[in-house]
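Visitor: I have a model open and would like to learn how to read it. Could you take me through some of its features?

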Amino acid sequence: MSQRLQLEPLHPVSRPRSGLYVHVPFCARKCDYCAFYSHEPDSATLGRYVDALILETDRIERDFQPDTIFFGGGTPSLLPPKSWERIGKVFSDRGWTSATEWTVECNPATLSRDKARVLKEIGVNRISMGVQSMDEDLLERLGRIHTRSSVFQSYDLLRSSGFERINLDLMFAIPGQTMERWKSTIDEIIQLQPEHFACYEVIYEEDTPLFQQLQAGEVDEVEEEVAAEMYEIWLEAMDQGGWIQYEIANFARDRDGVRRAPESGVPEGACRHNIHYWMGSEYHALGPSACGFVNGVRTRNISNTEVYCRTVLDAGGSPIDGEDVLPPLSRAGEIAAFGLRMNTGWNFDVYRQRTGFDFEMLWKEEMERLEAGRLGVRGTNTFRLTRRGMRFADAIGERFLVDQALSR
Ligand code: SF4
């Protein structure tokens, strides 16, 4: 990093219209690999959660208008239609339903025609469905509650309910997954022709049953070379099908199916909400364990549904139990690293608006090193990683992270 002594932004930082994240902490059953905060619901807790969520919206300034809304979890599709109607009414009263994009994460086993209808009616226009695999045995191994047939049923249900933007999540290198099984999942899932895919290698998070099974030698990790080949096969399938890798794990298409160069921007089917995260936008957060970033302050809500509900409903208090103010330079480093995960990389003007710093001044040496290694490409006013560079984006990102102690 050059210009290490430039600790404060040289330019004003803009606050673009951004995102709202809502965490729904309920899952019908905990998956074996999952480290997110979620638990099984009972109807009383579920009702109190919706009450608390609605009350928590009052804590957001009245003039906030989200560009995107994302209900994640947990399993948001576990909420019954009545709860969605209540949420929709409050969001509509706040003017939030005019958001460009409103995504709800769904488990294929928890959708019904009635629920899909209500989601559509209240303004949800994008569904993200956790498929993970089309192999019955592997779904069981992961502890998923859905079956392969429920994937087809729910997908058809969503299309016939009018959803034009669907993401399907997949995983590879699942213990027990052979190359043949992976190829067969790819063949089947591509037939569905969604607008968007997210595809991740299984992660063994500590404190999950899958991690413990691995430690106990009960499951065999897929070898690194096999996992790398699975990823290659996936990239080829995306290329052939016309889905563009616009971020390391995310793939989308333009409506007309024409492939365009990274310089022309992300494809139409891309998830705008996640782009806000990667491009350093602000976002408000609601619900237990939800994290927000507003006005330079990162917040985290209480990670316990019962305590969250008690705090918001009974005590009328704030559910925030942690705040972190990042020094501007650290934040600029974090934003640089996140933005490089996208195939479009950074436009220097946008980076300046978001951080107040000059990308070229701060990261001159890193850019030169990456270009020399054919991992990065510099344009007139841009810098992005090459396709090869994107494979190492996590490691490359580390070089842009600034030690907080140095940046204060
Ligand atoms: S459905 Fe999603 S959030 Fe719930 S346990 Fe499984 S992976 Fe975790």
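Predicted model: local features only at pLDDT ≥ 70, side-chain atom pairs only at ≥ 80, totals over all residues.

Visitor: Which residues are around the ligand?

Guide: A residue counts as near if one of its heavy atoms lies within 4 Å of the molecule. Here the residues are Cys27, Arg29, Lys30, Cys31, Tyr33, Cys34, Gly73, Gly74, Thr75 and Arg144.

Visitor: What classes does that shell have?

Guide: Ala, Val, Leu, Ile, Met, Phe, Trp, Tyr, Cys and Pro count as nonpolar, Asp, Glu, Lys and Arg as charged, and the others, Gly among them, as polar. The shell has four nonpolar, three polar and three charged residues.

Visitor: Is cysteine 31 buried or exposed?

Guide: Buried means under 20% relative accessible area, exposed over 50%, partly exposed in between (1.4 Å probe, protein chains only). Cysteine 31 has 12%, so it is buried.

Visitor: How many disulfides are there?

Guide: A disulfide is a covalent bond between the sulfur atoms of two cysteines. The rule asks for a pair of cysteine sulfur atoms within 2.5 Å. The count is zero.

Visitor: How do strands β10 and β11 run, parallel or antiparallel?

Guide: Strands of a sheet pair through backbone hydrogen bonds, either parallel or antiparallel. Pairing needs at least two bridges found by DSSP. Helices (H or I, at least four residues) and strands (E, at least two) are DSSP runs, numbered from the N terminus. β10 (residues 291-294) and β11 (residues 297-301) run antiparallel, joined by four bridges. Phenylalanine 293 has arginine 298 in β11 as its bridge partner. The two strands form a hairpin with two residues between them, and asparagine 295 in the turn has a positive phi of about 55°.

Visitor: What is the order of the open sheet of three strands?

Guide: The order is β13-β15-β14, with antiparallel pairing. The edge strands, β13 (346-347) and β14 (376-378), each pair on one side only. Two bridges join β13 to β15 (residues 382-385). Tryptophan 346 has phenylalanine 383 in β15 as its bridge partner.

Visitor: Where is serine 184?

Guide: Serine 184 is in helix α6 (residues 179-191). Its relative accessible area is 38%, so serine 184 is partly exposed.

Conventions: Residues numbered from 1 in each chain as written. Heavy atoms only, no water.
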